[in-house]
Amino acid sequence: MTGQEMDSPTEIKLGDEKGELRLMKAGDGAAILAFAESLPPHDLLFLRRDITKPKVVEAWIEASKAGSIYSVVVTKGDQIVGCGTLVEDPLSWSPHVREVRVLVSPRVREHGLGRKILQQCFRRALEENVKKLTAQMTVDQKGAIAIFEELGFRGEALLKDQVMDREGQTHDIVTLSCDVDRASDQLSAYGIGGA
């Protein structure tokens with residue numbers, strides 16, 4: 001990935017209110033930490049790193065500036081209420097694959113925000129000619145799984161007892177994947193096929 005191009009911030013509806021979908025900026029660190037702290041801890045289990053830690057958020061912002069992570073946020077006023085990333089591992093054997101991660105505040109769920117964030121990540125994947133997308137989440141996140149499946153993702157693996165919460169309880173993680181080329185017709189139905 002080279003840089004973080006996005007034409008301009010996009011206004012989106014959050015019920016009766018409005019928000020803005022835009023690229024993450026270097027100055028977003030404090031707002032991202034506040035957002036992460038506001039989420040139920042279970043929502044963070046699928047992430048590879050704990051984004052409630054300032055050091056992790058700093059590394060995330062640096063990786064976004066370097067271009068190995070494409071990061072978008074949704075703001076409502078001066079608060080971040082959602083975010084999405086498209087993660088590349090430039091040192092892996094799979095340069096054609098990106099991992100998608102989406103988080104949405106419980107305060108603004110049920111307004112299609114997760115879908116909008118995921119669609120923006122798809123646009124970026126199409127622009128970069130990515131061949132395969134993957135996503136991970138705990139098996140009980142039925143709403144998130146449904147959104148990913150609507151956009152062409154299918155179950156690929158179940159990892160038993162893969163993550164441990166702060167109370168020491170283990171949870172299963174499901175890995176979903178999407179062949180971007182095969183999903184292009186479905187993506188077009190969502191208005192993002194010709195990105």
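Q: Are Phe-122 and Phe-153 buried or exposed in this predicted model?
A: This is a predicted model in which local features need pLDDT of at least 70 and side-chain atom pairs count only at pLDDT 80 or more, while totals for chains, interfaces and linings use all residues. Residues are numbered from 1 along each chain as its sequence is written, and side-chain values use heavy atoms, with hydrogens and water left out. Buried stands for under 20% relative accessible area, exposed for over 50% and partly exposed for what lies in between, with a 1.4 Å probe and protein chains only. On that scale, both Phe-122 and Phe-153 are buried.

Q: Which geometry does the ring pair of Phe-148 and Phe-153 have?
A: Rings of Phe, Tyr and Trp (its six-membered ring) pair if their centres lie within 6.5 Å, and planes under 30 degrees apart count as stacked, over 60 as edge-to-face and the rest as tilted. The centres of Phe-148 and Phe-153 are 5.0 Å apart with their planes at 80°, so this pair is edge-to-face.

Q: Which residues form one aromatic cluster?
A: The count of aromatic pairs comes to two. In one of them, the ring centres of Phe-122 and Phe-153 lie 5.7 Å apart with planes at 75°, so that pair is edge-to-face. The cluster is formed by Phe-122, Phe-148 and Phe-153.

Q: Is Asp-161 buried, exposed or partly exposed?
A: Phi of Asp-161 is near 50°, a positive value in a residue other than glycine. Most residues other than glycine have a negative phi. Because its relative accessibility is 49%, Asp-161 counts as partly exposed.
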